[in-house]
Amino acid sequence: AMAVADAMARHAYAPTAADVDALSGVRRTAHYAAQLHGVLVPAVNAFVQAIALSGAQQQSSLQDTLRLLALWFKYGAQRDVDAALRAGFARLSIDTFVHVIPQLIARIASRVTRIRTLVHQLLSAVGAQHPQALVYPLTVASKSVSRQRLTAARAVLASMRTHSARLVEQALSVSRELIRVAILWPEMWHEALEEASKLYFTQRDVHGMFDVL
């Protein structure tokens, strides 16, 4: 009963800490920055504790996990936040992250080095214990026309090959056959042209555009 009460209290506190963006209105002053910095790590720790104490309350745990990921993806470039996240993830069951695999894979090619590195490490840990849950989403990502996303997905798949080589190869084989029978050449060209246009007009990445084409 005490653990449940503690979890409920931390669940109530953590969103308040995470909603610190509402502080000081819309102005981003030095005072605001100091307030934000002071509350980020406590917010991360509160979410981690709430998730750890949630136990069988999956809905509450998932809600807190998604909020923790939102904090991570927005502020994970900061050294102290990254350290708090690493310490917190080490305390949590790896099963916690099976339910947020799509969100993790969405950030697999993050431009922020600290976020990208931790995403790769977390996905590798999930893949070690739940390879069946991870292998197909990663296989799909490894077929991306985005060079960064493709490379990142293949790196995680390579780590999975060390313990689940047969499963990875089977998933890749199934994926190739599904693509072959389901996607027409005009559709593939349309997707490639769309991705190339994004690279050129959004990122001004001329070399990336040519690589896609």
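This is a predicted model: local features need pLDDT of at least 70, side-chain atom pairs count only at pLDDT 80 or more; totals for chains, interfaces and linings use all residues.
The chain contains ten helices and zero strands, and along the sequence its elements follow the pattern α-α-α-α-α-α-α-α-α-α. Of its 213 residues, 38% count as buried. The accessible surface of the chain amounts to about 12,100 Å², and carbon and sulfur atoms contribute 59% of this area. Among contacts with a separation of 6 or more, 66% are made by residues 24 or more positions apart.

Helix α4 comprises the 13 residues 79-91. At 1.5 Å a residue, a helix of this length should span 18 Å, which agrees with the 19 Å that separates its end C-alpha atoms. The buried residues of α4 are Val-81, Asp-82, Ala-84, Leu-85, Gly-88 and Phe-89. Viewed down the helix axis, these buried residues fall within an arc of 160° and therefore line one face of α4. Such a pattern follows from helical geometry: with 3.6 residues a turn, residues three or four places apart point the same way. The face of α4 turned away from the buried side bears the exposed residues Arg-79, Ala-90 and Arg-91.

Ser-144 is situated in the loop between α7 (131-141) and α8 (147-182). Its relative accessibility is 17%, and because the threshold for burial is under 20%, Ser-144 counts as buried. A polar atom of the Ser-144 side chain lies 3.0 Å from the backbone nitrogen of Ser-146. When residues up to four places away in sequence are not counted, Ser-144 touches Arg-149 and Leu-150.

Key:
Residues are numbered from 1 along each chain as its sequence is written. Side-chain values use heavy atoms; hydrogens and water are left out. Helices (H or I, at least four residues) and strands (E, at least two) are DSSP runs, numbered from the N terminus. The expected span of a helix is 1.5 Å times one less than its number of residues. Buried means under 20% relative accessible area, exposed over 50%, partly exposed in between (1.4 Å probe, protein chains only). The arc is that of the directions from the helix axis to the C-beta atoms. Contact means heavy atoms within 4.5 Å. Accessible areas come from the Shrake-Rupley method with a 1.4 Å probe; for residues, only the protein chains shown count as cover. A polar contact is a pair of N or O atoms within 3.5 Å; within protein, one must be able to donate a hydrogen and the other to accept it, and residues adjacent in sequence count only if both atoms are side-chain atoms.
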